[in-house]
Amino acid sequence: MNIFIGSLPYKVKDGDLRQLFEEYGEVSSAKVITDRDTGRSKGFGFVEMPDDEQGQRAINELNGAEIQGRNVVVNQANERVERSNNRYGNRKQY
């Protein structure tokens, strides 16, 4: 199960996220998303848990929980949608 974590404090690192979710089961990966140019956290991340039941329990327990003074949003991540660099989508421009 792929899990989205939003409203993360900017000081949270990948290892912190992994440690937090390992309390609920096996974690395949944990990644805080960072700005490509500055390397600073964007305030959200993703955790992958192979067991859906453990992942759902983590979501239920951690959604709204306080982490380093901020209440985080935790839910199942939506599938990634490829975006076009073209503001008109895939339509041809004339």
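**Entry 1: a salt bridge between two elements.** I started with Lys31 and Asp14, whose side chains form a salt bridge, at 3.9 Å from N to O. This is a predicted model, so I read that distance as a computed value.

Entry 2: How many salt bridges does the structure hold? I found two. Besides the pair above, Arg18 and Glu22 meet through their side chains, at 3.7 Å from N to O. Both of these residues sit in helix H1, four residues apart, which is about one turn of the helix. Arg18 is partly exposed at 28% relative accessibility, and Glu22 is partly exposed at 41%.

**Entry 3: the order of elements.** Next I stepped back to the whole chain. I counted two helices and six strands. Read from the N terminus, they come in the order β-α-β-β-α-β-β-β.

**Entry 4: strand S1 and its partners.** Which strands pair with S1? I noted S3, residues 41-48, joined to S1 in the antiparallel sense over five bridges. S6, residues 73-76, also pairs with S1 in the antiparallel sense, over four bridges.

**Entry 5: the nonpolar core.** I then looked up the largest nonpolar core, which has 19 residues. Those with the most contacts inside this core are Ile3, Ile5, Leu17, Phe21, Val47, Met49 and Val74. Strand S1 (2-6), helix H1 (14-22), strand S2 (29-34) and helix H2 (52-62) each give two or more residues to the core. H2 gives the most, with three residues.

**Entry 6: the surroundings of Phe21.** What does Phe21 touch, leaving aside its neighbours within four places in sequence? I listed Ile3, Ile5, Val27, Val47, Met49, Ala58, Leu62 and Val74.

Entry 7: Which residues of H2 are buried? They are Gly55, Ala58, Ile59 and Leu62. Looking down the axis of H2, I saw these buried residues fall within an arc of 100°, so they line one face of the helix. Glu53 and Asn60 are exposed on the other side of H2. The cover over the buried residues of H2 includes S1, H1 and S6.

**Entry 8: totals for the chain.** Of the 94 residues in the chain, 29% are buried. The chain exposes about 7,000 Å², and carbon and sulfur atoms supply 41% of that area. Among contacts with a separation of 6 or more, 59% come from residues 24 or more positions apart.

Definitions and conventions
Residues numbered from 1 in each chain as written. Predicted model: local features only at pLDDT ≥ 70, side-chain atom pairs only at ≥ 80, totals over all residues. Heavy atoms only, no water. Core = buried A, V, L, I, M, F, W, Y, C linked by side-chain atoms within 4.5 Å. Buried < 20%, exposed > 50% of the residue type's maximum accessible area, 1.4 Å probe, protein only. Contact = heavy atoms within 4.5 Å. Pairing = 2+ DSSP bridges. Salt bridge = Lys/Arg side-chain N within 4 Å of Asp/Glu carboxyl O. Areas by Shrake-Rupley, 256 points an atom, 1.4 Å probe, with all protein chains shown as cover. Arc of directions from axis to C-beta.
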